[in-house]
Amino acid sequence: MSKSSNQKLKILYLAQILATQTDEQHTLSLEDIRRRLATHGIQAERKSLYDDMEALRVFGLDIQMVKNPTAQYFVASR
């Protein structure tokens, strides 16, 4: 996968998407997240999204996952 000029902004866009578009009633799958990142010209692989979400958790963003029946992600507390 070639890197776009926005690729370095991926984790920032990921944080913005999760913070503004998710909560306990509005979750996103990894595919939903990938599509939203693509609207910003960013390509993301599943493993890199796991790594980025873990980095955001370490940073302090309360990202939770529920199975419904696939994994769905949301920001639990703000």
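A salt bridge is a side-chain nitrogen of Lys or Arg lying within 4 Å of a carboxyl oxygen of Asp or Glu. The model is predicted, and local features therefore need pLDDT of at least 70 and side-chain atom pairs count only at pLDDT 80 or more, whereas totals for chains, interfaces and linings use all residues. Residues are numbered from 1 along each chain as its sequence is written, and side-chain values use heavy atoms, with hydrogens and water left out.

Q: How many salt bridges does a search of the whole structure find?
A: The search covers the whole structure and applies the distance limit for a salt bridge given above. The number found in this way is 6.

Q: Which helices hold K10 and D52?
A: The side chains of K10 and D52 meet in a salt bridge, with 2.9 Å from N to O. Helices are DSSP runs of H or I with at least four residues, strands are runs of E with at least two, and both are numbered from the N terminus. The pair ties together parts that are 42 residues apart in sequence, because K10 lies in helix 1 and D52 in helix 3.

Q: Is D52 buried or exposed?
A: Buried means under 20% relative accessible area, exposed means over 50%, and partly exposed lies in between, using a 1.4 Å probe and protein chains only. The relative accessibility of D52 is 13%, so this residue counts as buried.

Q: What is the relative accessible area of K47?
A: K47 and D51 lie in helix 3, 4 residues apart, or about one turn of the helix, and their side chains meet in a salt bridge of 3.3 Å, N to O. D51 is partly exposed at 43%. K47, in turn, is exposed, with a relative accessible area of 54%.

Q: Against which elements do the buried residues of helix 2 pack?
A: In helix 2, residues 30-38, the buried residues are L30, D32, I33 and L37. Seen down the helix axis, they fall within an arc of 160° (taken from the directions from the axis to the C-beta atoms), so they line one face of the helix. Contact means heavy atoms within 4.5 Å, and the elements that these buried residues pack against are helix 1 (10-21), helix 3 (46-59) and strand 2 (71-75).
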